[in-house]
Amino acid sequence: MKFYSTNNTSSRVSFKEAVFNSMPQDKGLYMPVTIPRLDDKFINNLDSYTLPEIASHVAQNLLGDDIPADDLKAIIKDAINFYAPIVKLEEDVYVLELFHGPSLAFKDFGARFMSRIMSYFLEAGEKQLDVLVATSGDTGGAVALGFLGVPNTRVTILYPKGKVSDIQELQLTTNGQNIRALEIDGTFDDCQALVKQAFTDPELNAKYRLTSANSINIARLIPQTFYYFNAYAQALKQGKSQVVFSVPSGNFGNIGAGLLAWKMGLPVGQFIAATNANDTVPQFLKHGVYEPKPSVATLSNAMDVGNPSNWVRIADLFKDDAGQLNKLITGYSFNDDETLAAINAVYDHYKYVVCPHTAIAWQALKDYQQDIHIDDTVGIFLSTAHPCKFPDVFPQKIADHIEVPAQVKDLQAKDKQSVELGIDFEGFKDYLLKNA
Ligand SMILES: *Cc1c(COP(=O)(O)O)cnc(C)c1O
């Protein structure tokens, strides 16, 4: 499969180039030149396949020219080594749990697949790959744990001091091996600015082979299609063939992958884009005007994005039929009070605890089902992170019911290792040069 830039649809690069560049020079995003339609027999019989089988089939259709089938299978087996169940909460309301990976967030799908693809393409004797990543919490953990122990790679994570939860910080700072954490005395935006400047610094680029691991990398998007197919497979097993998905959205990579799955033939009736107060996309879907705004801070901070970077991909998917986009996606947004109310309602209704991002997707689904009731259609909302990653959000009676997974207990026994730095670029650069 070749890839083009959304800013120049006649450009062509290989999958390997697209993965290592992350972003084209022209600042577009990479998209596959053709989107293969999976055969009906596969789609209609999805319920007879396992997640790794589904993932391999989907990946092979997209990447079969670039990576031999057996290698792709091995990569998937190693990367997607956890499950993604749908859990029934009531008639026609299911939750797709995407938090069973090592960092307890759906970003594990993308980060683990991407790290292994990068390692696969690194040829013997090639210069070590230096991944720089700024995080507001979830990305760093997924990338750190995704690259941990992957040969010929090293990861440097920058996170804002005091602004990530305790569990997130442990996931960033207790890895050792090829992972190191820098605690920046500033905000996430400061971390991001340092990383961006490093990529344009000639001295650093001469010394290191720098790459970013952010959510726009095409190798993070592709594996996120797998769990949409797999969720549909599980719905089929329950005798349900009509589904809608509600997706808590920030940078719109997750829902973008769902739309890619739809383009490949997955029969989804509706996608619900659920956001917090950062409602650029719901506003666009309502009024037809796309107006990016500075982000505002909310309880669901992994979705605090005012200008979602993956939106150009979604626009590109529907460039020949913008009307279709408006039919297929509907938007809902909720403020922090509504988010808290949703967390409480989910707990009261089902004795189930959702993280603040997931709560927004649940509320959007309920509102949608109220607005538009379609018989025999199940709503599946995506749970993007385990609630234990956001302990400060919950009222005590709910916090007491959060089950802490075993891997978190292991983390709590480990020592934090990080280097504190300020927000000046010279200090950061000096650190990188001195710690080869
Ligand atoms: C990253 C993240 C999101 C947003 O996903 P996008 O792909 O950026 O839309 C939602 N919830 C959680 C918990 C996240 O970490």
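## Ligand site and sheets

A backbone N or O atom of Asn254 lies 2.9 Å from an oxygen atom of the ligand, a polar contact being a pair of N or O atoms within 3.5 Å; within protein, one must be able to donate a hydrogen and the other to accept it, and residues adjacent in sequence count only if both atoms are side-chain atoms. Of the ligand's 380 Å² exposed when taken alone, the protein buries 96%; accessible areas come from the Shrake-Rupley method with a 1.4 Å probe, and for residues only the protein chains shown count as cover.

The model is predicted: local features need pLDDT of at least 70, side-chain atom pairs count only at pLDDT 80 or more, and totals for chains, interfaces and linings use all residues. Residues are numbered from 1 along each chain as its sequence is written, and side-chain values use heavy atoms, with hydrogens and water left out.

Side chains also approach oxygen atoms of the ligand, as tabulated here.

| Side chain | Distance from its polar atom to a ligand oxygen atom |
|---|---|
| Asp138 | 2.6 Å |

The ligand is surrounded by 15 residues, the closest being Lys107, Asp138, Gly250, Asn251 and Thr384; a residue is near a molecule or strand if one of its heavy atoms lies within 4 Å of it. This shell comprises six nonpolar, seven polar and two charged residues. Here Ala, Val, Leu, Ile, Met, Phe, Trp, Tyr, Cys and Pro count as nonpolar, Asp, Glu, Lys and Arg as charged, and the others, Gly among them, as polar.

An open sheet of five strands has the order β9-β6-β7-β8-β14, with parallel pairing. Because β9 (209–212) and β14 (419–421) stand at the edges with a single partner strand each, one side of each is left without a neighbour in the sheet. Strands are DSSP runs (E, at least two residues), as are helices (H or I, at least four), numbered from the N terminus; two strands pair if DSSP finds at least two bridges between them. From one strand to the next, the twist averages 25°, axes being lines fitted to C-alpha atoms, for helices over the stretch in contact, with angles from 0 to 180 degrees between N-to-C directions. Three bridges link β8 (residues 179–184) with β14 in parallel, and Glu183 stands opposite Glu420 in β14. Helix α8 (residues 188–199) lies across β6 (129–134), β7 (153–160), β8 and β9, at about 150° to β6; contact means heavy atoms within 4.5 Å.

A second open sheet has three strands in the order β2-β1-β3, with antiparallel pairing. Its edge strands, β2 and β3 (30–32), each pair on one side only. β1 and β2 form a hairpin with two residues between them.
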